[in-house]
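Colleague: I am new to this structure and would like to learn how to read it. Could you walk me through it?

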Amino acid sequence: MYFIRHGQSEFNVVYSITLQDPGIKDAPITQRGQTQALGAAHHLRDKHIQKIICSPYTRALQTASIIADELNIKTLHAEPLAGERRLFTCDIGTPRPALEAAWPKIDFGRLEKDEWWPAKDESEEDIGLRVNAFTQLYGNALDDATTLVVSHWYFIFTLTGKDTENAQIVRRDARGRYHREGL
């Protein structure tokens with residue numbers, strides 16, 4: 001299984017300079033983020049990815065959609081368990097009906113309500129529980145080298161122990177170890 005952090009978002013641009021929450025709800029990716037997603041797709045071209053599981057935040061959906069288009073992948077599933085740890089305004093999502101209208105080819109069946117994102121800021125224990133729920137749900141698929149999960153820094157770090165830049169890929173090997181891959 002492969003994991004990728006979403007492409008650079010509008011939040012990432014401002015926060016990296018100011019270290020202040022710019023107040024952007026469900027931040028989209030930037031032009032640079034789009035370019036990063038294309039680069040990731042080219043890196044993944046020979047990996048035989050057949051399925052994408054992605055966080056329902058806009059920045060992850062945009063990244064996943066770019067990769068899916070480039071790799072001609074038809075199967076995309078939104079998974080709220082793969083969302084970012086709620087700490088900032090950008091971690092307030094978009095209601096399910098708006099997501100379904102914007103991305104009709106993505107399966108949003110795992111989003112059980114309009115407000116699928118965490119109702120309050122999450123502790124490290126909270127994100128750990130969510131990551132554990134993800135591994136319980138997708139346990140057998142963790143060894144599936146044809147699946148890509150498009151997610152966020154905190155989710156990937158909690159799962160793998162690997163720090164990731166925007167659009168950086170982490171691969172889980174057959175022994176269950178995680179490795180960062182360059183673009």
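Modeller: Gladly; we will go through pockets, salt bridges and a surface patch in turn. Keep in mind that this is a predicted model.

Colleague: Which elements give two or more residues to the lining of the largest pocket?

Modeller: Those are α1 and α6, the latter spanning 153–160. Helix α1 provides the largest share, 4 residues. Sorted by class, the lining of the largest pocket holds 8 nonpolar, 6 polar and 6 charged residues.

Colleague: And what is the volume of the second largest pocket?

Modeller: That one has about 190 Å³. Among the residues lining the second largest pocket are Ser65, Ala68, Asp69, Trp103 and Pro104. Here the largest share, 3 residues, is supplied by helix α3, which covers residues 58–71. The classes in this second lining are 6 nonpolar, 2 polar and 3 charged residues.

Colleague: Now to salt bridges. How many salt bridges does the count come to?

Modeller: The idea is to look for a side-chain nitrogen of Lys or Arg within 4 Å of a carboxyl oxygen of Asp or Glu. By this rule there are 9 salt bridges.

Colleague: Why does the pair of Asp91 and Arg59 tie together parts that are apart in sequence?

Modeller: Asp91 sits in the loop between β3 (75–78) and α4 (96–102), while Arg59 belongs to helix α3, so the pair links parts 32 residues apart in sequence.

Colleague: Are Asp91 and Arg59 buried or exposed?

Modeller: The cut-off for buried is under 20% relative accessible area. Asp91 has 2%, so Asp91 is buried. Arg59 has a relative accessible area of 2% and is buried as well.

Colleague: What do other salt bridges look like?

Modeller: Take Lys47 and Asp46, whose side chains meet with an N to O distance of 3.9 Å. Lys47 is partly exposed at 22% relative accessibility, and Asp46 is exposed at 53%. Another salt bridge brings together the side chains of Asp126 and Lys120, at 3.5 Å from N to O. In that pair, Asp126 is partly exposed with a relative accessible area of 23%, whereas Lys120, at 53%, counts as exposed.

Colleague: Let us turn to the surface. Which residues form a nonpolar patch there?

Modeller: Val13, Val14 and Ile17 do, and together they have about 250 Å² of accessible area. Val13 lies in helix α1, residues 10–18. With a relative accessibility of 30%, Val13 is classed as partly exposed.

Colleague: Thank you, that gives me a way to read the picture.

Technical notes:
Residues are numbered from 1 along each chain as its sequence is written. This is a predicted model: local features need pLDDT of at least 70, side-chain atom pairs count only at pLDDT 80 or more; totals for chains, interfaces and linings use all residues. Side-chain values use heavy atoms; hydrogens and water are left out. Patches are made of residues with over 30% relative accessible area and no salt bridge: like charges are joined within 9 Å, nonpolar side chains (Val, Leu, Ile, Met, Phe, Trp, Tyr) within 5 Å. Accessible areas come from the Shrake-Rupley method with a 1.4 Å probe; for residues, only the protein chains shown count as cover. Buried means under 20% relative accessible area, exposed over 50%, partly exposed in between (1.4 Å probe, protein chains only). Ala, Val, Leu, Ile, Met, Phe, Trp, Tyr, Cys and Pro count as nonpolar, Asp, Glu, Lys and Arg as charged, and the others, Gly among them, as polar. On a 1 Å grid over the protein atoms alone, a cavity is a set of points where a 1.4 Å probe fits but cannot get out, and a pocket is an open set with protein on both sides within 12 Å along at least five of seven lines; lining residues have an atom within 4 Å of a point. Grid points are joined across faces, edges and corners, and a volume is the space filled by probe spheres set on the points.
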